[in-house]
Amino acid sequence: MTEHYRTVKQQASDELIIQKSRFIGHAAPVETEDQALDFLRSIREKHHNASHNCYAYILGYNQGIIRYSDDGEPSGTAGLPMIDVIRNQGMINCIVVATRYFGGILLGTGGLVRAYTQTCKIALQAAEPVIMCRTCRYVCRLPYSFWDRLNHYLENTNAYLDDVLYTDQISFVLVVKEEEASRVLAAAANVTARTLAFEDPVIAYEPWNITDS
């Protein structure tokens, strides 16, 4: 299983006007083909009066599922250019639907390719590209006297704290990428004089900013 992959953080959309045609790009993270088709169906229902609702999606760590459609546009002018954008950005497990309201001016083959390429790009940007990393969540406890030391150490790492609770000790969740977990835990134990107590982690894919990868 891969340690990380690129996708989008959330469902979002953006739009532009090209030669009086309105292009709306919608993007969403999806993990299954059913999720992708549900998203496509929701966009088609919302924009049922549109001239076209073209789409493209790639699923699986090895890009095992690749689907796209020109939805009535000339062959190769919409879905395939959108697939190329997703591939060029190294993304998987996401779908883009490009809605077009025809404005009366024909764009030609090259113009359509450029329009759908740009629509796909702005949709992915609006949905916020992220790195999905295998992430460990450790439930921890620490005496108050070592709290500042731990926070000072974590300032120089990508790890962060969640669900902090102040009782007789400080309880919190330490969130760290799996590939960095052993090193971060060992260093955290050192700076807290071995007073840091933690349980076995819950491991799952979680989003990280591109700059944190």
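Nine salt bridges are counted in this protein, a salt bridge being a side-chain nitrogen of Lys or Arg within 4 Å of a carboxyl oxygen of Asp or Glu. Welcome to a predicted model, in which local features need pLDDT of at least 70, side-chain atom pairs count only at pLDDT 80 or more, and totals for chains, interfaces and linings use all residues. Residues are numbered from 1 along each chain as its sequence is written, and side-chain values use heavy atoms, with hydrogens and water left out.

**Salt bridges**

- Side chains of opposite charge can pair when their charged atoms come close.
- R22 pairs with E15, their closest N and O atoms being 2.9 Å apart.
- R22 is partly exposed at 33% relative accessibility, and E15 is partly exposed at 39%; here buried means under 20% relative accessible area, exposed over 50%, and partly exposed in between (1.4 Å probe, protein chains only).
- R100 and E73 form a salt bridge at 3.0 Å, N to O.
- R100 sits in strand β6 and E73 in the loop between β5 (65–69) and α2 (79–88), so this pair ties together parts 27 residues apart in sequence.
- Both R100 and E73 are buried.
- R141 meets E199 in a salt bridge of 3.7 Å, N to O.
- R141 belongs to strand β7 (residues 129–142) and E199 to the loop between β10 (197–198) and β11 (202–209), so the pair ties together parts that are 58 residues apart in sequence.
- A network of salt bridges links R137, D162 and E206.

**Overall build**

- The protein has five helices and 11 strands, taken as DSSP runs numbered from the N terminus (helices: H or I, at least four residues; strands: E, at least two).
- Along its principal axes, the C-alpha trace spans about 70 × 30 × 25 Å.
- Buried residues make up 45% of the 213 residues.

- Which residues of α1 are buried? They are A36, F39, L40 and I43.
- Seen down the axis of α1, these buried residues fall within an arc of 100 degrees, so they line one face of the helix; the arc is that of the directions from the helix axis to the C-beta atoms.
- The buried residues of α1 pack against β3 (21–29), β4 (52–59) and β6 (94–101).
- Exposed residues D34 and E45 are on the face of α1 turned away from its buried side.
- H47 lies in the loop between α1 and β4, and H47 is buried, with a relative accessible area of 8%.
- Leaving aside neighbours within four places in sequence, H47 is in contact (heavy atoms within 4.5 Å) with I24, H26, N53, T99 and Y101.
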